[in-house]
Amino acid sequence: MLDALDVHRALLAREVPHEVVRLPGLVLSADEIPDVLDLPASRCVAVRLYLADDQPVAVIVRAGELPHPGAVLAALGARTLRAARADLVNQITDFAAPLVCPVLLPESMPVLADSCVGHTDVVYAPTGDSGTALGIASRWLLTASRASVAELCAPGSPTVDLADDVPGSAHSSARMPGGFAGRLPHSR
């Protein structure tokens, strides 16, 4: 599995300014990094992996957020989208599923980033290790990850966690404002 040292070496080789920060506590997912670093979630990012028309795609969003499925489909020109299972995420990325780093993703995998990621000068991302985070300027993160930027997490729009129907998926909860989730039909 890839880890902070692999990320650090790869970024050094590309002369990308960054720092690897030791966290004051362990995290089990990228969504926990803001709490451990005592930062707003807007300063931290997470990678969500999906299968779009059965092809893997990585989506970089702010920690704790999920992209709107329709926005991801539109950005990719795809017809179907589903969350990748954790074991597939591990296999494809060589990172632990909840701690996928946005850099060192396979060259063949499309990478999308929500436009909100670039609203903060410096962001913190997982490194694959539960005890470290990558501090990097957002512009360098977008460049190093080869991300195409699109509006994927429109403020106030409901997002549905596509992992609800996928046992063992890489992320677990839906973010639905105002109790909207309770009004959605669920097919099981």
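Modeller: Arg 146 is partly exposed, with a relative accessible area of 30%; here buried means under 20% relative accessible area, exposed over 50%, and partly exposed in between, with a 1.4 Å probe and protein chains only. The model is predicted, with local features requiring pLDDT of at least 70, side-chain atom pairs counting only at pLDDT 80 or more, and totals for chains, interfaces and linings using all residues. Residues are numbered from 1 along each chain as its sequence is written, and side-chain values use heavy atoms, with hydrogens and water left out.

Arg 146 is found in the loop between H5 and strand S8 (148–150). Helices (H or I, at least four residues) and strands (E, at least two) are DSSP runs, numbered from the N terminus. Although Arg 146 is not a glycine, its phi is positive, about 60°. Most residues other than glycine have a negative phi. Leu 104 is placed in the loop between H4 and S5 and is partly exposed, at a relative accessible area of 31%.

Val 47 stands opposite Ile 60 in S3, while Arg 48 has Val 59 of S3 as its bridge partner. Val 59 also has a bridge partner in S5, namely Leu 112; S3 and S5 pair in the parallel sense over three bridges. Six of the eight residues of S3 are buried, so S3 is largely enclosed by the rest of the structure.

Together with Leu 11, Val 103 and Leu 134, Ile 60 has the most contacts inside the largest nonpolar core, which has 31 residues. A nonpolar core is a set of buried Ala, Val, Leu, Ile, Met, Phe, Trp, Tyr and Cys residues joined through side-chain atoms within 4.5 Å. The elements that each supply at least two residues of this core include strand S3 (55–62), helix H4 (86–93), strand S7 (132–137) and helix H5 (138–144). S2 provides the largest share, four residues. A second, separate core of 14 residues includes Val 59, Val 61, Ala 83 and Cys 153.

Leu 134 touches, among others, Val 7, Leu 11, Cys 101 and Val 103, residues up to four places away in sequence being left out of the count; contact means heavy atoms within 4.5 Å. Val 7 and Leu 11, together with Ala 4, are the buried residues of H1. These buried residues fall within an arc of 65° when seen down the axis of H1, so they line one face of the helix; the arc is that of the directions from the helix axis to the C-beta atoms. Arg 9 and Ala 13 are exposed on the other side of H1. The cover over the buried residues of H1 includes strand S1 (19–22), S7 and H5.

Finally, Thr 93 lies in helix H4 and, at 2% relative accessibility, counts as buried. Polar atoms of its side chain lie 2.7 Å from the backbone oxygen of Val 89 and 3.1 Å from the backbone nitrogen of Phe 95. A polar contact is a pair of N or O atoms within 3.5 Å; within protein, one must be able to donate a hydrogen and the other to accept it, and residues adjacent in sequence count only if both atoms are side-chain atoms.

Definitions and conventions:
Two strands pair if DSSP finds at least two bridges between them.
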